[in-house]
Amino acid sequence: MAMADERGKTLLEEEEKNTIINEHGAELRSFRSYLRWVYVDQSNLCKAAFSWTVFFTLAYVVPILSHFFLDCSETTCDADHSRPYHVPVQISLTVFATLSFVSLSKWDRRYGFRKFLFLDKVGDESVKIQRGYVQQMQRTTMLILLWGLPCFIAECAYKIWWYVSGSSQIPHYGNPYLSSIILCTLELCSWLYRTSIFFLVCVLFRLICYLQILKLEDFAQVFQKETEVALILMEHLRIRRTLRIISHRFRGFILASLILVTASQLSFLLVATKPHADVDILKAGELALVAITLVSGLFILLRSATKITHKAQSITGLCAKWHIFATINSFDNIEGETPTAEPVISPHVIAAATWGSSDDEVGDEEDELDNTKMLPIFTHTISFHKRQALVTYMENNKGGITVFGFMLDRSWLHSIFAIQLALCLWILNKTVGV
């Protein structure tokens with residue numbers, strides 16, 4: 001009867017895994033469709049040529065033609081319709097679109113989409129990890145809309161106002177209404193293309209980091225049951241290797257984004273604070289809009305990197321706590337007879353194990369890893385020296401996302417984001433007056 005129950009349970013798990021794998025296929029097709037929508041498809045020569053053509057058209061040709069064909073100088077347009085800050089805005093968007101497109105193209109050619117998102121490895125993970133990853137993939141497109149749509153709506157409102165209110169002053173070609181509609185549509189498509197492709201890379205990085213967080217949370221459960229130290233060590237080595245791969249793939253993009261966002265913010269401040277600069281929301285509103293867009297993308301990158309680093313480093317504390325409880329328990333058993341199969345944990349250890357995991361207020365980061373409860377451990381099967389060696393190893397090999405040797409932890413996030421937020425607020429104060 002027990003064997004039949006086990007067989008039935010195994011069949012149910014296999015059926016659930018097959019269902020999740022089918023969901024993986026659907027989500028993968030959805031992702032590929034989205035990539036084709038942003039024209040990043042390097043599957044063959046024709047599609048690659050089309051992708052690069054669309055990229056150069058929307059990222060370079062349209063902004064350049066917009067600058068020269070819609071030249072609305074002070075002699076032909078009133079002060080509200082002049083665009084003194086059009087050049088820095090377009091250069092910043094084009095630079096980030098180029099960085100994102102080149103990075104996506106390189107990753108697609110070198111790894112392939114499935115391998116890049118670690119979908120080839122997800123089938124070997126537990127059902128909980130697979131289901132959480134599928135759910136996160138379903139949220140990816142919504143996250144891009146959540147971060148990018150408000151800025152795009154603001155840009156649409158500004159462009160429509162600019163074309164409608166300045167219809168008699170803006171240069172037109174042929175029919176003035178048709179010319180304005182076509183030019184406005186091209187400018188908005190160029191803006192949407194450049195911002196969405198930047199947010200796409202940021203959200204893909206967040207998605208990959210979320211998969212590793214799920215693995216770390218699942219890995220933390222090994223300290224609640226009898227497990228060989230060698231198996232814990234092998235699993236930790238596998239996770240650290242994956243984190244090194246992610247760091248290697250994204251370190252150039254993260255560092256370039258950090259440098260370019262800071263450079264863009266400083267350039268915006270220079271042009272907005274130079275002597276006799278005519279700054280108001282109508283002329284310099286796009287500066288603030290681009291600054292918010294770029295800082296939002298950088299925030300997604302840094303927060304994802306620091307969150308996974310925090311989770312990886314929490315494993316070290318969890319391992320030390322496991323070692324302490326096991327050691328105390330083993331000494332408690334020495335006082336009496338030979339340890340039984342189910343040793344009794346002293347009340348002091350039970351109180352210590354559950355302390356801080358009740359209804360006390362905790363932050364958003366204090367989740368399963370931080371509040372893992374220590375269950376009774378078969379301490380006589382795992383020697384003190386093995387546990388001590390494992391703790392020493394984890395203390396000297398803390399995992400996380402690194403950028404050229406620097407670990408992206410919370411101190412990095414707080415300091416970098418404080419600087420970027422201060423610059424962004426300064427730009428908003430100069431342009432909008434808030």
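Guide: Let's start at cysteine 72, which sits in the loop that links α2 (45-69) to α3 (86-110). This is a predicted model, so take every value here as computed from predicted coordinates. Cysteine 72 counts as buried because its relative accessible area is 6%, and the cut-off for buried is under 20%. Serine 82 is 10 residues away from cysteine 72 in sequence, and the two C-alpha atoms lie 5.6 Å apart in space.

From there, go to glutamate 187, which has its place in helix α7. With a relative accessible area of 7%, glutamate 187 is buried too. What does glutamate 187 contact, once neighbours within four places in sequence are left aside? The list is Val62, Ser66, Leu70, Arg83, His86, Lys159 and Tyr163.

Glutamine 42 is another loop residue to look at, found between α1 (2-37) and α2. Its relative accessible area is 14%, and glutamine 42 counts as buried. Not counting residues up to four places away in sequence, glutamine 42 touches Ala48, Ser51, Trp52, Phe101, Ser105, Asp108 and Arg109. One of these, tryptophan 52, is 10 residues from glutamine 42 in sequence, with 9.4 Å between their C-alpha atoms.

The largest nonpolar core has 105 residues, and Leu117, Phe205, Phe223, Phe250 and Met394 are the ones with the most contacts inside it. Helix α7 (residues 176-219) gives the most to this core, namely 22 residues. Phenylalanine 205, leaving aside neighbours within four places in sequence, is in contact with Ile246, Phe250, Ile254, Leu301, Ser304, Ala305 and Ile401.

Helix α8 is the next stop, and threonine 242 lies in it. At 10% relative accessibility, threonine 242 counts as buried. Threonine 242 touches Phe118 and Gln212, not counting residues up to four places away in sequence. Glycine 399 is 157 residues from threonine 242 along the sequence, yet their C-alpha atoms are 9.8 Å apart.

Which helix pairs with α8 (residues 229-273), with axes that come within 10 Å? That's α11 (residues 384-396), and the two axes cross at roughly 10 degrees. Angles under 35 degrees count as roughly parallel, so α8 is roughly parallel to α11. On the α8 side, Val229, Ile232, Leu233, His236, Leu237 and Arg240 make the contact, and on the α11 side they meet Lys386, Arg387, Leu390, Tyr393 and Met394. Sorted by class, that contact has seven nonpolar, one polar and three charged residues.

Is glutamate 395 buried or partly exposed? With a relative accessible area of 45%, glutamate 395 is partly exposed. Its C-alpha atom is separated by 6.1 Å from that of threonine 316, which is 79 residues away along the chain.

Last, the whole chain. There are 12 helices and two strands, and in sequence order the pattern is α-α-α-α-α-α-α-α-α-α-α-β-β-α. Of the 434 residues, 46% count as buried. Among contacts in the chain with a separation of 6 or more, 86% come from residues 24 or more positions apart. The accessible surface comes to about 22,100 Å², and 63% of that belongs to carbon and sulfur atoms.

Methods:
Residues are numbered from 1 along each chain as its sequence is written. This is a predicted model: local features need pLDDT of at least 70, side-chain atom pairs count only at pLDDT 80 or more; totals for chains, interfaces and linings use all residues. Side-chain values use heavy atoms; hydrogens and water are left out. Axes are lines fitted to C-alpha atoms, for helices over the stretch in contact, and angles run from 0 to 180 degrees between N-to-C directions. Helices (H or I, at least four residues) and strands (E, at least two) are DSSP runs, numbered from the N terminus. Angles under 35 degrees count as roughly parallel, over 145 as roughly antiparallel, 65 to 115 as roughly perpendicular and the rest as oblique. Contact means heavy atoms within 4.5 Å. Ala, Val, Leu, Ile, Met, Phe, Trp, Tyr, Cys and Pro count as nonpolar, Asp, Glu, Lys and Arg as charged, and the others, Gly among them, as polar. Buried means under 20% relative accessible area, exposed over 50%, partly exposed in between (1.4 Å probe, protein chains only). Accessible areas come from the Shrake-Rupley method with a 1.4 Å probe; for residues, only the protein chains shown count as cover. A nonpolar core is a set of buried Ala, Val, Leu, Ile, Met, Phe, Trp, Tyr and Cys residues joined through side-chain atoms within 4.5 Å.
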